[in-house]
Amino acid sequence: MLSMRDLIEAAPVRLAPMASHTNAPFRQVARECGAGFSTNEEIDAEALLHDSARTARMTATFEGEGPLAMQLLGSSAATLVPAAIRLVEAGAAIIDINMGCPATKAVRKGKGAALMRDVPRTAAILTALRRALDGSGVPLTIKIRGGWDDACLNAIEVARMAEEVGVDAITVHPRTRSQQYAGRAPWDVIADVVRDVRIPVTGNGDVTSLEEARLMMAQTGCAGVMIGRGALGRPWVFDASYPAQAVDAARQYEARVIARHLALIEGSLPPREALAHTKRHLSLYAAGRADASMVRNQIFRADSIEEARAVFEGARALEGVASR
Ligand SMILES: Cc1cc2nc3c(=O)[nH]c(=O)nc-3n(C[C@H](O)[C@H](O)[C@H](O)COP(=O)(O)O)c2cc1C
C-alpha cells in the first residue's frame with residue numbers, strides 16, 4: 001500500500017481541495033509551481049452514483065499527475081462504499097472523506113462536518129470503507145475540523161477513532177463547523193492531534209506562504225500542510241523561487257503562470273466550463289488590485305474567453321498586479 005507518510009513528506013506543502021476551483025488545470029499549475037500531491041474537489045457520493053458523465057468530469061486528471069486523492073462527501077456506508085469503489089476504478093490513488101464541509105445543505109443531510117457529531121456512526125462508515133478498500137490497497141484518509149462547535153471540540157476523539165479503524169492519514173482544519181471561516185485557525189488543535197495519533201497529520205488553515213507552512217510544521221509537528229484560499233489567484237505560493245522581492249521579475253513570472261493556466265483550461269475543458277473557469281480564475285488573479293471589483297465585474301460580463309482575457313490583460317498593463 002502507498003505509504004501516506006512517504007507521500008506527504010516527499011512534498012509536504014499541498015493544494016487544499018476547493019469545490020469549483022481545484023479541477024485538473026488548477027491542480028496542474030499548482031503542481032508545476034511546486035505543490036505536492038493533490039486532493040480534487042469534493043464529489044457527492046449520491047450524485048456520483050447517479051451521474052456518470054459528471055463523475056468522469058470530476059475525476060479527470062492531468063497527464064503525469066501521479067497519485068491523486070479523490071474526496072467524497074456522504075452520510076452513509078450505503079452510498080460512500082460504492083462511490084469509493086467507483087472512484088478507485090476511475091483512478092483514485094487515495095480516498096479522502098470530507099468531514100469538514102460546513103454547508104447547511106450538506107450537514108442537514110448528515111454529511112461533511114455532521115460526521116464529527118456522531119462518532120459511532122462515523123466509525124461504522126469508516127470501518128466499512130476500510131474493509132471495502134483493503135483489496136485494492138488504496139489508502140483511506142479523512143479531512144476534519146476542530147469539532148462541531150465550542151461545546152463539541154472533539155478533533156482528538158475523532159482522530160483516535162479514525163486511527164483505530166484503520167484510517168491512514170488525517171488533515172485537520174482546526175476551526176469548528178460553527179466558526180465556518182471566522183477568526184484565526186487555532187493551530188494548537190493540530191498540535192494536539194499530532195501528539196495523539198501515530199498516523200501522519202496534515203495541518204490546514206490560514207497558511208498563505210511557504211514561510212507560514214514551515215512555521216505551522218514547526219509549531220504543530222504536522223507532517224504536511226494544505227494551502228487553500230492562499231493559493232487562489234496565487235498558485236506561485238508553492239514556489240520557493242518565486243521572485244517576490246523583484247517586482248518586474250515577479251510580474252513576468254505571474255504572467256507566465258497565468259498564461260499556462262488559461263491554456264490548460266482551454267485545452268482540457270468543454271467550452272462552457274472553460275469560460276466559467278477562465279472568468280473565475282482571472283478574477284482571482286485580479287484580486288488585491290485597487291480596482292479589483294471593477295475588473296472582476298468586467299471579467300464576469302465577458303461573453304468569451306478572448307474578451308475576459310483582454311479585460312484582464314488590459315487592466316494588468318495599466319496598473320500591474322498590485323502588491324499582494
Ligand atoms: C471555495 C472553497 C471551497 C472549498 N471546498 C472544499 C472541498 O471541496 N473539500 C474540503 O475538504 N474542503 C473544502 N474547502 C476548505 C479548504 O480545503 C480549507 O480547509 C479551508 O479553506 C481552510 O484553509 P485555508 O485557510 O488555507 O483556506 C473549501 C474552501 C473554499 C474557500
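The radius of gyration, taken here over C-alpha atoms, can be set against a globule rule of 2.2 Å times the number of residues to the power 0.38. For the 324 residues of the protein this rule gives a value near 20 Å for a compact globule, and the radius of gyration of the protein, 20 Å, therefore agrees with it. The model is a predicted one, and its C-alpha trace spans about 60 × 45 × 35 Å along the principal axes. Its secondary structure comprises 14 helices and 8 strands.

The sheet is open and consists of 8 strands with parallel pairing, arranged in the order β1-β8-β7-β6-β5-β4-β3-β2. The edge positions are taken by β1 (13–15) and β2 (43–44), each of which has a single partner strand, so that one side of each is left without a neighbour in the sheet. Within the sheet, strand β5 (residues 140–147) and strand β6 (residues 169–176) run parallel and are joined by 6 bridges, and Arg145 has His173 of β6 as its bridge partner. Helix α5 (residues 77–89) lies across β2, β3 (69–73) and β4 (94–99), and runs at about 155 degrees to β3.

Two packed helices are described by the angle between their axes and by the distance between those axes. For helix α11 (residues 247–268) and helix α12 (residues 271–285), the angle is about 165 degrees and the axes are 9 Å apart. Since angles over 145 degrees count as roughly antiparallel, α11 and α12 are therefore roughly antiparallel to each other, and α11 passes α12 in a right-handed crossing. On the side of α11 the contact is made by Ile258, His261, Leu262, Ile265 and Glu266, and on the side of α12 by Ala274, His277, Thr278, His281, Leu282 and Tyr285. Sorted by class, the residues of this contact between α11 and α12 are 6 nonpolar, 4 polar and 1 charged.

A further helix pair is formed by α9 (residues 187–196) and α10 (residues 210–220), which pack at an angle of about 50 degrees with their axes 8 Å apart; this angle makes α9 oblique to α10. The crossing in which α9 passes α10 is right-handed. In this pair, Trp187, Ile190, Ala191 and Val194 of α9 meet Glu212, Leu215, Met216, Gln219 and Thr220 of α10, and the contact of α9 with α10 has, by class, 6 nonpolar, 2 polar and 1 charged residues.

Definitions and conventions:
Residues numbered from 1 in each chain as written. Predicted model: local features only at pLDDT ≥ 70, side-chain atom pairs only at ≥ 80, totals over all residues. Heavy atoms only, no water. Pairing = 2+ DSSP bridges. Helix = DSSP H or I, 4+ residues; strand = E, 2+ residues; numbered from the N terminus. Contact = heavy atoms within 4.5 Å. Axes fitted to C-alpha atoms, helices over the stretch in contact; angles between N-to-C directions. Parallel < 35°, antiparallel > 145°, perpendicular 65-115°, else oblique. Left-handed = near helix turned anticlockwise from the far one by under 90°. Nonpolar A, V, L, I, M, F, W, Y, C, P; charged D, E, K, R; others polar.
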